[in-house]
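The following report concerns the architecture of a single model. Please examine the sequence and the structure together before reading on.

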Amino acid sequence: MVIVDDEQLVRMALRLVIDGEPDLTVVAEAADGDAALAVVDEQRPDVVLMDVRMPGRDGLDTTRELLARPAPPRVLMLTTFDSDDLVLGALRAGALGFVLKDTPPPRILDAVRTVADGHPALSPAATARVIAAATGPDSSHSRDRTREAARERLSVLTEREWETARAVADGLGNPEIAERLHITVATVKAHTGSLFAKLGVENRVQIALLVRDAGHPTRRRAVDRPSDVG
């Protein structure tokens, strides 16, 4: 794991907590985004614990850059701020988790392990904000534009891929999706792989956010939907 934070005391405290665990190891630290990119290239960690706000290249921009590279690490955001923009920005950038710095150490460790396994990990406060953003009133012009852009991206999916995307947004795992759609788990994995490729996303959280940005409609917008079987 690599810890990225502009405060040395924070990095030291996190290293003490993480290195005290038999299954976790901090291989390097970085004080800003540019240093983080170099360290990750050198160490190839499984997980990066990333501060959001730093001088120079911030955590969101650094995360986007990391995840655009081959075989990227999984990113867990850690910050003192929990605004809607930061939470959603981190997840849209490709982070798999978002926890606050005042989160108790055992929960931070749980989040690290969860993200390392490829699953999303959000603090209760962050989860509440994501839900509120997804279900709040759609009165602003910005929200309308976001919905339109999300529906346009989703319109390239086949009907079965769209059903898979909706199931992912509902929080279902592969076995549950297979049961809902009456297909095999292998087929679910194939559809999920197609979602990653067609939507240009890195993880299931980003798929879920796209579906929710689109208003979680029961069907995709009627624009040249490709046919699909199986």
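Predicted model: local features only at pLDDT ≥ 70, side-chain atom pairs only at ≥ 80, totals over all residues.

Residues are numbered from 1 along each chain as its sequence is written, and side-chain values use heavy atoms, with hydrogens and water left out.

H10 spans residues 185-199 and H11 residues 204-213; their packing angle is about 70 degrees and their axes are 11 Å apart. Axes are lines fitted to C-alpha atoms, for helices over the stretch in contact, and angles run from 0 to 180 degrees between N-to-C directions. Helices (H or I, at least four residues) and strands (E, at least two) are DSSP runs, numbered from the N terminus. The crossing of H10 and H11 is left-handed, meaning that the near helix is turned anticlockwise from the far one by less than a right angle (clockwise for right-handed). Thr-192, Leu-195, Phe-196 and Leu-199 of H10 form the contact with Arg-204, Ile-207 and Leu-210 of H11, where contact means heavy atoms within 4.5 Å. By class, this contact of H10 with H11 comprises five nonpolar, one polar and one charged residues; Ala, Val, Leu, Ile, Met, Phe, Trp, Tyr, Cys and Pro count as nonpolar, Asp, Glu, Lys and Arg as charged, and the others, Gly among them, as polar.

## The contact of H9 with H10

Helix H9 (residues 174-181) packs against H10 at an angle of about 105 degrees, with the axes 8 Å apart. H9 is therefore roughly perpendicular to H10. On the H9 side the contact involves Asn-174, Pro-175, Ile-177 and Ala-178, which meet Val-185, Val-188, Lys-189 and Thr-192 in H10. The residues of this contact divide into five nonpolar, two polar and one charged.

## The parallel sheet

Six strands form an open sheet in the order E2-E1-E3-E4-E5-E6, with parallel pairing; two strands pair if DSSP finds at least two bridges between them. Strands E2 (28-30) and E6 (121-122) stand at the edges with a single partner strand each, so one side of each has no neighbour in the sheet.

Strand E4 (residues 74-79) runs parallel to strand E5 (residues 97-100), and four bridges join them. In this pairing, Met-77 stands opposite Phe-98 in E5. Helix H3 (residues 59-67) packs on the sheet and touches E3 (47-51) and E4, its direction making about 155 degrees with that of E3. Helix H5 (residues 105-116) also packs on the sheet, touching E3, E4, E5 and E6, and its direction makes about 155 degrees with that of E4.

E3 and E4 are parallel and joined by five bridges, and Val-47 stands opposite Arg-74 in E4. E4 is mostly covered, with five of its six residues buried; buried means under 20% relative accessible area, exposed over 50%, and partly exposed in between (1.4 Å probe, protein chains only).

## Two loop aspartates

Asp-32 is placed in the loop between E2 and helix H2 (33-43) and is partly exposed, with a relative accessible area of 27%. Leaving aside neighbours within four places in sequence, Asp-32 is in contact with Val-4, Met-54 and Pro-55.

Asp-23 lies in the loop between helix H1 (8-19) and E2. Asp-23 is partly exposed, with a relative accessible area of 49%. Its C-alpha atom is separated by 9.1 Å from that of Arg-113, 90 residues apart along the chain.

Notes:
Parallel < 35°, antiparallel > 145°, perpendicular 65-115°, else oblique.
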